[in-house]
Amino acid sequence: MAENVGVDSSLPKDDYQGLMELSNALVSRYSDRTKVQKIAQDVLRSLFPSWLPGQYAILFSRPFPGFSARMNAWATRVGGTWLMGECEVNDIEIDGKIYKDQGLLVKRCRFLEESGCASVCVNACKIPTQNFFIEDMGLPLTMTPDYETHECQFSFGRMPTEEEEKEAKNTPCLSRCPSSGGMRRWHEQNLNSNTAQSSGGDGACQFMETQKESPETHGSK
């Protein structure tokens, strides 16, 4: 991850605070949120053999979408406990229909709680993780964080809607944001925003709001 971010932490590689230092550094370093999302997605890709995601999409996700959704819910539960904390596989609803064991409920996300930052959650976790599963693994995924309870619902097999993504990107700064709104002001300056945001937790972080995408970026995420 340090190679992708461009900086490293002095803490041991298995120290969770080291991960948080790198995640916060990633979001703080770039004024273009799509750059952050791309780097975070590349970090996820680096965790697997280069051939695996594409082959998984061909052999499992497309021909067996329900099975693939359940498999990834269980795999994420096993592999994601250190990162996210206690979680349980659950049922989800898609278009009024219940799908058994295609969801994963993170009961209190360690990553969100430790970062205390909605921008880190959305741009370094939610959107790049969704994009990784959709674009690389061929499996739709919607992640729905709750910033009050710190729960996060993974819904495998469900595509995120435009409205949900817009709402996530416009999430106000959390009251316990470690930068106390400083990150918001920094991004305002870098993006030459004409609208000043207060330093409290009641305004949307400029890094989260919809902005005109640069020519190098793609999509609306």
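Me: Is histidine 150 buried or exposed?
Reply: This is a predicted model, where local features need pLDDT of at least 70, side-chain atom pairs count only at pLDDT 80 or more, and totals for chains, interfaces and linings use all residues. Residues are numbered from 1 along each chain as its sequence is written, and side-chain values use heavy atoms, with hydrogens and water left out. Buried means under 20% relative accessible area, exposed over 50%, and partly exposed in between, with a 1.4 Å probe and protein chains only. Histidine 150 has a relative accessible area of 8%, so the residue is buried.

Me: Where is histidine 150 found?
Reply: Helices (H or I, at least four residues) and strands (E, at least two) are DSSP runs, numbered from the N terminus. Phi of histidine 150 is near 70°, a positive value in a residue other than glycine. Most residues other than glycine have a negative phi. Histidine 150 is found in the loop between S3 and S4.

Me: Which strand holds aspartate 101?
Reply: Aspartate 101 is not glycine, and its phi is positive, near 60°. Its place is in a strand that covers residues 97–106, namely S2.

Me: What pattern does the protein chain follow along the sequence?
Reply: The protein chain has 10 helices and four strands. Read along the sequence, the pattern is α-α-α-α-α-α-β-β-α-α-β-β-α-α.

Me: Among contacts between residues at least 6 apart in sequence, what share joins residues at least 24 apart?
Reply: Contact means heavy atoms within 4.5 Å. The protein chain has 221 residues, and buried residues make up 45% of them. For those contacts, the share joining residues at least 24 apart is 59%.

Me: Is threonine 142 buried or exposed?
Reply: Threonine 142 lies in strand S3. Leaving aside neighbours within four places in sequence, its contacts include Gln130, Phe154, Arg158 and Glu164. Relative accessibility is 1%, so threonine 142 counts as buried.

Me: Which backbone oxygen lies 2.8 Å from a polar atom of the side chain of threonine 142?
Reply: A polar contact is a pair of N or O atoms within 3.5 Å; within protein, one must be able to donate a hydrogen and the other to accept it, and residues adjacent in sequence count only if both atoms are side-chain atoms. The side chain of threonine 142 reaches the backbone oxygen of methionine 159 at 3.4 Å. The 2.8 Å distance belongs to the backbone oxygen of arginine 158.

Me: What is the relative accessible area of arginine 77?
Reply: Arginine 77 has its place in helix H5, residues 65–79. Beyond four places in sequence, arginine 77 touches Cys87, Glu88, Val89 and Leu104. Arginine 77 is partly exposed, because its relative accessible area is 35%.

Me: What span does helix H3 reach from its first C-alpha to its last?
Reply: The expected span of a helix is 1.5 Å times one less than its number of residues. H3 covers residues 33–46, and its buried residues include Val36, Ile39, Ala40 and Val43. With 14 residues, H3 is expected to span 20 Å, and its reach is close to that, at 20 Å.

Me: How much space lies in the largest cavity?
Reply: On a 1 Å grid over the protein atoms alone, a cavity is a set of points where a 1.4 Å probe fits but cannot get out; lining residues have an atom within 4 Å of a point. Grid points are joined across faces, edges and corners, and a volume is the space filled by probe spheres set on the points. By this rule there are two cavities of 30 Å³ or more. The largest holds about 70 Å³.

Technical notes: On a 1 Å grid over the protein atoms alone, a cavity is a set of points where a 1.4 Å probe fits but cannot get out, and a pocket is an open set with protein on both sides within 12 Å along at least five of seven lines; lining residues have an atom within 4 Å of a point.
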